[in-house]
Each structure stands twice: as C-alpha cells, then as structure tokens.
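My notes follow the order in which I looked.

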Amino acid sequence: MTVATLGAQRFKVLMAGVFSQILCVGIARFAYTPLLPVMQQQTWMGDADGGWLAAVNYAGYMLGAVLAASIRSIYIKDTLFRCGLILAVITTAGMALTDHFWVWAGLRFLAGLSSSAAMLLASGLILHWLIQHRQRGELGIHFAGLGLGMIVAAVAVEMMLQFSFSWQTQWWGFSLLGAVLLVPAWRWLPRPERPLAGAHVASSRTAMPPTRTFMRWMLAAYFCAGYGYVISATFLVAIVEREPLLAGMGNWTFALAGLAAAPAVMLWDLVARRVGYLMALMIAMSIQVIGIVLPAITANAAVVLLSAVLYGGTFLGCVSLVLTMAGRLYPASPARLMGQMTLAYGAAQICAPALTGMLAEASGHYGVGLWLAGGFVTLGVVLLACLRRVDQTAQRLDAAAKASVYA
C-alpha cells in the first residue's frame, strides 16, 4: 500500500468513526435533548417523565460500556459495532411510532446501548486499525464527532421547526438522516484483519497499578463529574426555552455547546502535557461548574451562550483525560479500568436526570437542579485536589503527562 493510498484509507477510517458518532450519539442519544421541549409541548410528557427517559437512556449506555469492557475479541466487537449502527436507526424511527411511556423507555434504553458502539467499540476498532497499519494512535478526530453530532441534532431540529414539523415527523427525519450516515460508517471502517507481520508491537510501558486510595477517590470524583455533565446534556435546551427572554435560542445554544466540544479532546490533551492529568481535570471541572450554574444565575443571552461554550469545551475533555489516565496505568489492557470509571460516570447519569426532572416538576424551574449539579462537580474538584496532594499514583500520572512533552 502506497503512502497516498494509506493516507486516503486512514482518512476514511477516521471519518467512519465521525459518522458513527453523529449517528449513534448525535442522533440516537442527543437528538432527544433539542426534541424534549417539542415533545413536552405536543404530548403528555412532563419534566419528571423527561428525566426518567433520559435516565433509562444512560442506563443503556452503561450496559453497553460494561459489555465493551468485558469482550476481548476484536471480531465480536466489530460485529456488535455494526449492530449498534443498525440499532441506532431503528430506535430513532421507533420513537415516532408511539407515545406510550414504557415503549419510549425501551427504545431510549436500546438507543443508549447503541451509543456505546460509537463511543467505545468504534474507538477501539479505529485504534486497532491505526496501530496495525503503523499510524499514530490519535482519536481526537473521532471524538470530535460527538461535538459535531450535537450540532447536527440542534440544527436539524431548528430547521424542522421552521417548517412546523410535528415531533413524530422530526423523529422520522432523524431516522432518515441516520440511515444515510450508516452507509459510510459501515463501509469505511474495514473489518479487522489478522496482524501484519511485524506490525504488532508490545507496549514498552509496564502497568502501574493504582493505589486503593486513588481508585476510591477517583471513582467518587468521576461520579461527581458525570452528575454535572448529564444535567446540561439532557435539559440544556429545555432550560433555555423555559426562560421568556431566551425563547427560540435553545437549539442554537446546544449547537454552540457541540461546537465547543469538537476540539476539546485535543485542547485538554495539550493542557495535561503542561500541568499534569489531575490538574488539567481539576481545571476542566472548575470551568464546567461555572458553565452549569450560570443559567441559574441570570437569563442574559450572552451569559447563557457563554455557559454553553464553557460546558461544551470541558465535558468531553474530562472524559478523555480520565480514559487517558486508565491507558497510562494499564497500557496493555486498559479496558477493565476504563469500565470501572465508566460505571461511576454512568451511575450518576442514571440518577441525576430523574432527580432533576422531579425537582423541576415540583418547583417549576431547573434552578435547584443546576445548583445541585454544580455542587457535585465542585465536590469532585475538592476530591481531586486532596488526591493530588496525598497519593503516589496521582503524582506519577502528572509526572508522566509532563514528561510526554519531551517524548
């Protein structure tokens, strides 16, 4: 394979990941966020119902994360990835066929399961292909697809609202778009091959098993980060649209958050190289606190847009920093630790939307839920600050991040 051909193939593989993110995360998972206020206006759905459906969706994603971490065969992962693409389209179309809560709940659960195909399975398959073909194992472009998916979801809903499409028609529109995206996501990612002669290189880094203190505090801190992430991911558009001065800006606010998220992985990787992984994570979570609570403080349009940028520019960075740390601790087999981290993050994503929805229904606004989310993320920052001071694993990770600048 010539250099030019390999470069073209690499581009197609990376774009397959981007398209899978837009389909499985942007449409199957995040289309619900800009459609939530539309469905609340046109159906029986209340705030608590919307929160429970979001919680069920994240439960599906968490199950997918557990499966992704437990399966070792790259060939089985490839098959499940392709099943996830099909499932994303089917569950999106299914939302238009009914307004029964429990059917919706089942569809949102399966949609969450499909989103793990793009976030976790596709990233592993792409990384496998890159390493097998002696390419740099960089996934920043792949994860940028998540931000692009948020933009696609928000802009699509805004465009369909201009034509006064009903909530059912909008779900049909998303399913049609998803079917189009499925084709390059499926075709451009080659099925795994047997390793080429000499292509497999064992990791030169040895495992650095974390201390119990590190695991306990990091899991608690990551739970707090997950709580903060999911509130804006689920209710951002509904929060904005409920403010009389901001009516009509919800979808554009969500699109702006996606735009800020697209380059976040690459940005926070650079920050970590300068200040260390834990300090970078603390900075990202501190900025995220501001982004979360600003809409509870003021309804000023410029401030709300700023909050979307702060939120979008940090939540994906937090995820990538934690998963990168898992890779540093277990370079040869990080899946188990990544699974434990994802369970902590996912547990928060199940309980937080349900609780926030019930609080909003009881109080008539999302202010209490936003302040509670900000408090959780602040607690996570405090835990990380303490961990960074007392734990050897945390100190080794920070030193390894800074050393990579000169590697």
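The entries below go from ground rules to cavities, a pocket, a helix, the core and the rings.

**Ground rules.** I am working from a predicted model, in which local features need pLDDT of at least 70, side-chain atom pairs count only at pLDDT 80 or more, and totals for chains, interfaces and linings use all residues. Residues are numbered from 1 along each chain as its sequence is written, and side-chain values use heavy atoms, with hydrogens and water left out.

**Cavities.** I searched on a 1 Å grid over the protein atoms alone, where a cavity is a set of points that a 1.4 Å probe fits but cannot leave, a pocket is an open set with protein on both sides within 12 Å along at least five of seven lines, and lining residues have an atom within 4 Å of a point. Points are joined across faces, edges and corners, and a volume is the space filled by probe spheres set on them. I found three cavities of 30 Å³ or more in the whole structure. The largest cavity holds about 200 Å³. I listed 18 lining residues for it, with Tyr61, Met119, Val319, Tyr345 and Gln349 nearest its centre. The lining splits into 14 nonpolar, three polar and one charged. Here Ala, Val, Leu, Ile, Met, Phe, Trp, Tyr, Cys and Pro count as nonpolar, Asp, Glu, Lys and Arg as charged, and the others, Gly among them, as polar. I noted that α5 (101-132), α6, α8, α12 (301-329) and α13 (335-363) each supply at least two of the lining residues. Helices are DSSP runs (H or I, at least four residues) numbered from the N terminus.

**Second largest pocket.** I read its volume as about 150 Å³. Its lining divides into six nonpolar, four polar and two charged residues. I recorded α2 (32-42), α6 (140-162) and α8 (212-242) as each giving at least two residues, and α2 gives the most, with five.

**Helix α2.** I checked burial next (buried is under 20% relative accessible area, exposed over 50%, partly exposed in between, with a 1.4 Å probe and protein chains only). In α2, nine of the 11 residues are buried. I see these buried residues pack against α3 (47-70), α5, α6, α7 (167-187), α8 and α9 (250-261); contact means heavy atoms within 4.5 Å.

**Ala264.** I placed Ala264 in helix α10 (residues 264-275). Why does Ala264 count as buried? Ala264 counts as buried because its relative accessibility is 1%. Beyond its neighbours within four places in sequence, I found Ala264 in contact with Gly312, Gly313, Leu316 and Gly317.

**Core.** I took a nonpolar core as a set of buried Ala, Val, Leu, Ile, Met, Phe, Trp, Tyr and Cys residues joined through side-chain atoms within 4.5 Å. The largest has 128 residues, and Trp171, Phe214, Met218, Leu278 and Leu281 have the most contacts inside it. Helix α8 gives the most to this core, with 17 residues.

**Rings.** I counted 14 aromatic pairs. Rings of Phe, Tyr and Trp (its six-membered ring) pair if their centres lie within 6.5 Å; planes under 30 degrees apart are stacked, over 60 edge-to-face, the rest tilted. Tyr222 and Tyr345 are stacked, at 4.4 Å centre to centre and 20° between the planes. Tyr222 lies in α8 and Tyr345 in α13, so the pair ties together parts 123 residues apart in sequence. I noted both tyrosines, Tyr222 and Tyr345, as buried. Trp44, Phe101, Trp102, Trp104 and Trp167 form one aromatic cluster.
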